[in-house]
Amino acid sequence: MSENVIEIKNLSFTYPAGVEALKDINLEIKKGEIVAIIGQNGSGKTTLVKHFNGLLQPTSGTVIINGKDAKQSTTAQLSREVGYVFQDPDDQLFMSKVKDEIAFGPKNLKMKKNEVNKRVRDTLKLVKLWKFRNTHPLDLNLDDKKLIAIASIIAMNPHVIILDEPTSGQDHRGILRAESLIKKLSKEHTIIIISHDMDLVSKIAQRVIVMYNSKILMTGTPKEVFIKTSLLAKTHLKPPLITQLSQKTKGMRSDILSIDEFIEELKTKKPHSSKSR
Amino acid sequence: MTKAILSSYIKKNTFIHKLNPLTKLIFLVAVIITVFAVKSFIYNLIIVLAIIPLAYSAKLLSKVFKPLRYLFIIFIVLYGIQSFLYPEKETILIDFGYGIAIWEEGVLFATIISLRLLAMIVHGYFFVLVTHPGDLVCSLRKIKFPYKFGYIVLSTLQVIPRVASQMETIIDAQKSRGLETKGSIANRLKAYSPLLGPLFLGSVQNVVERTIALESRAFSYETEKTSYRETYVRKKDKIIMASIVVFFTLYGVISWIL
Ligand SMILES: Nc1ncnc2c1ncn2[C@@H]1O[C@H](COP(=O)(O)OP(=O)(O)O)[C@@H](O)[C@H]1O
Ligand SMILES: [Mg+2]
């Protein structure tokens, strides 16, 4: 047995309307990895991850989940292993109370009633939204809706959790909340996160996959990827601001990802100036 | 976000696609009037089957029967109720005893109603497939229909594809959380029941948003409006319109005489 939870071989996908959204994708994701998928809008990120839980079936090529061809399972069966949090929570939430929304998945897993209730309570407390348990999900603000969408997947406890743009459209507080939740989850789960937030990506991802025009353009650690500025520019992506700053500062390393790292590097560059103060 | 689907119109370069929308509309109206005027089942069947050469020539044969997938349940209910309960029962087809039986009159009645429904659905859907909604509104305005009426037509045509794509999205969300939607009828019904709330709420919300969007672009401002699209009634349209009227009048008359 390999330790790959997801193995994609020569995957191509064309939507019935004729859009060729994925071209010859090859990819492996290891158990416990935190992977970020980046790329401009329309590059095929959502289409790719919808193959991981069987919402889409390849036009050609294979998708193997936990050693088994995804073709052989329904999305419902795959949902035990792979949880997909939709890009738009309005597309994902359909019950009339938050607690029923969270209970929907566990009930389908045929859990006993008190186990379901426990899951609902635990998950809502984890995301700190227990107080909204009787609210209509679509009455919540966007930040909370996004958390509820994530919570509805956490409640099923799938090993792989896919988050499709979990921080897009959120304010600073919302982003911080999502970030700390993802960090917590990454201790026990394989995480696949699609994001335009390069700061977030550089902070949490172990590996970055860059998509461009239905293909994988490159993959590597955040340091490896963000150093390739010209390739990134082609896809209209930019490294995190601090990385850009250090790339434009004379004598600085070009793979700096955080402010702390930047300051450390500054100290080694000008030891006399920090002494004189 | 899922792609916004604004209409079922499928662009192709065929004779039927190039006809004026009014010509196609007159055909549709003639079909609907005729299937209700005609009582004989064989004449209605011919009208239903006429869709095959039409759809073939518009290169849409594989698409035109798609709505029937969702409607088969209506036909089952229709036959179920009418074959047992049609009031003017005379001839028994199958007797189950205990006063329960399938009646010939009921089955015939259900068949006639089904054919009418079928004719309206496939021809109606075909019309939507081959007519650009913008062109339709434009040509209605040219024959002095009020533009608000045009908007009503347009938005009604958009309802079906929009609801269908919303339904698909919600079903995807449910499958992703472990709901089995394949297999037994019970499974399917269970999957569809939580759909109704969000679909209805979504539609109401849509109306509110649309109203704001329309009014902020001076939709009800009283003035002569110009059109972005342009349509013409050509000579072939006039000939075909006249033929449609003559043909269907004769068709109706013959079905009554024979
Ligand atoms: N349901 C659909 N039908 C047809 N084309 C689609 C559909 N969903 C997405 N696409 C197209 O597929 C391409 C990739 O889309 P998507 O995977 O959503 O990109 P991303 O998530 O990277 O923004 C785009 O060109 C998009 O327009
Ligand atoms: Mg996307």
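**Close-up views of a predicted model**

**View 1. A nonpolar surface patch on chain B.** In this predicted model, nine side chains, those of Val77(B), Ile81(B), Phe84(B), Leu85(B), Leu93(B), Ile94(B), Phe96(B), Tyr98(B) and Ile100(B), form a nonpolar surface patch of about 950 Å². Two elements of chain B, helix H5 (68-85) and strand E1 (92-97), supply at least two residues each. H5(B) gives the largest share, with four residues.

**View 2. Ile94(B), a member of the patch.** Ile94(B) sits in strand E1 of chain B. Its relative accessibility is 45%, so Ile94(B) counts as partly exposed.

**View 3. Asn53(A) and its contact with chain B.** Asn53(A) lies in the loop that runs between helix H1 (45-49) and strand E4 (60-65) of chain A. Asn53(A) is buried, because its relative accessible area is 0%. Beyond its neighbours within four places in sequence, Asn53(A) contacts Thr75(A), Leu78(A), Val82(A), Tyr84(A) and Ser176(B). With Ser176(B), the side chains make a polar contact of 3.4 Å.

**View 4. Asn20(B) in a loop between two helices.** The loop joins helix H1 (15-18) and helix H2 (21-37) of chain B. Asn20(B) has a relative accessible area of 3%, so this residue is buried. A polar atom of its side chain lies 2.8 Å from the backbone nitrogen of Leu22(B). Neighbours within four places in sequence aside, Asn20(B) is in contact with Ser139(B), Thr231(B), Tyr232(B), Val233(B) and Asp237(B). Val233(B) is 213 residues away along the chain, yet the C-alpha atoms of Asn20(B) and Val233(B) are 5.9 Å apart.

How values were computed:
Residues are numbered from 1 along each chain as its sequence is written. Chains are lettered from A and ligands numbered from 1 in the order in which they are written. This is a predicted model: local features need pLDDT of at least 70, side-chain atom pairs count only at pLDDT 80 or more; totals for chains, interfaces and linings use all residues. Side-chain values use heavy atoms; hydrogens and water are left out. Buried means under 20% relative accessible area, exposed over 50%, partly exposed in between (1.4 Å probe, protein chains only). A polar contact is a pair of N or O atoms within 3.5 Å; within protein, one must be able to donate a hydrogen and the other to accept it, and residues adjacent in sequence count only if both atoms are side-chain atoms. Contact means heavy atoms within 4.5 Å. Patches are made of residues with over 30% relative accessible area and no salt bridge: like charges are joined within 9 Å, nonpolar side chains (Val, Leu, Ile, Met, Phe, Trp, Tyr) within 5 Å. Accessible areas come from the Shrake-Rupley method with a 1.4 Å probe; for residues, only the protein chains shown count as cover. A salt bridge is a side-chain nitrogen of Lys or Arg within 4 Å of a carboxyl oxygen of Asp or Glu.
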